Every structure is written in structure tokens, then in C-alpha cells.
Amino acid sequence: ASRQAWDEQKLKNEMTRALSIVLGVMGMAEVEPSLISYDAKNGELVLRAKRGTERKLIAALALVTSFGGQPARLEALRISGTIKRLRMKRRADEEK
């Protein structure tokens, strides 16, 4: 499957739109999802969620079926309490 490269602002806007559809206004207020970083080459991004709402964000990602008008599948690859720990997990995965 081909990946579409997005500029960061367009990605933020589309992520907000897609998650708003799944979570609704109250869910967005509870989870407070935000884009931390985006790697266009690999199509990977780091999202932040309010502590204790991580599972809700993961479930919402799994329910997104289109992104930017194209069929899409979003999935959580890793979860961590801190960005530092997340980066450590990623490096460990890459070394395997």
C-alpha cells in the first residue's frame, strides 16, 4: 500500500477531524490528543494523550477507516508514559 506524505499542519488537522468523528466532542476533551512528532518517510507519528486515556485513544485509532479521503488503517505500535521511554522502546525494537 502506498503512503501519502503530509505536511505537519495538514496531518494535525486531519488527525483532529478523524479522531473527532470517532471520539466526539466529549471524548476529545477527555483524551486531549495532540501530535508530538511525525516521520513522513515511515508514516509514523507520536501522539500524546492525557494520562489514563491511552486505551481510549488506541481504540479510537483502530476505528478510523479513512484519512484525508483515502481508506486508512491507524494502529498503535508502542505506548509509554513518557516520550523519553517511548524513544528508548523504539530504539530497542530497531535493534532486534
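Reader: Hi! Which exposed residues sit on the face of α2 turned away from its buried side?
Author: In this predicted model, that face of α2 carries Arg55, Ala62 and Leu63.

Reader: And which residues of α2 are buried?
Author: Those are Leu57, Ala60 and Leu61. They lie on the same side of α2, because the arc they cover around the axis is only 100°.

Reader: Why would residues a few places apart point the same way?
Author: An α-helix has 3.6 residues a turn, so residues three or four places apart end up pointing the same way.

Reader: Nice. What covers the buried residues of α2?
Author: The cover includes α1 and β2.

Reader: Switching to pockets: how much space lies in the largest pocket?
Author: About 1500 Å³. It is lined by 44 residues, and the closest to its centre are Gly43, Glu44, Leu45, Val46 and Glu75.

Reader: Which elements give two or more residues to that lining?
Author: The helices are α1 (8-31), α2 (54-63) and α3 (83-95). The strands are β1 (34-39), β2 (44-48) and β4 (70-71).

Reader: How does the lining divide into nonpolar, polar and charged residues?
Author: There are 22 nonpolar residues, nine polar and 13 charged.

Reader: One last thing, glutamate 32. Where does it lie?
Author: Glutamate 32 is in the loop between α1 and β1. Its phi is near 50°, a positive value in a residue other than glycine.

Reader: How exposed is glutamate 32?
Author: Glutamate 32 has a relative accessible area of 39%, so it counts as partly exposed.

Conventions:
Residues are numbered from 1 along each chain as its sequence is written. This is a predicted model: local features need pLDDT of at least 70, side-chain atom pairs count only at pLDDT 80 or more; totals for chains, interfaces and linings use all residues. Side-chain values use heavy atoms; hydrogens and water are left out. On a 1 Å grid over the protein atoms alone, a cavity is a set of points where a 1.4 Å probe fits but cannot get out, and a pocket is an open set with protein on both sides within 12 Å along at least five of seven lines; lining residues have an atom within 4 Å of a point. Grid points are joined across faces, edges and corners, and a volume is the space filled by probe spheres set on the points. Helices (H or I, at least four residues) and strands (E, at least two) are DSSP runs, numbered from the N terminus. Ala, Val, Leu, Ile, Met, Phe, Trp, Tyr, Cys and Pro count as nonpolar, Asp, Glu, Lys and Arg as charged, and the others, Gly among them, as polar. Buried means under 20% relative accessible area, exposed over 50%, partly exposed in between (1.4 Å probe, protein chains only). The arc is that of the directions from the helix axis to the C-beta atoms. Contact means heavy atoms within 4.5 Å.
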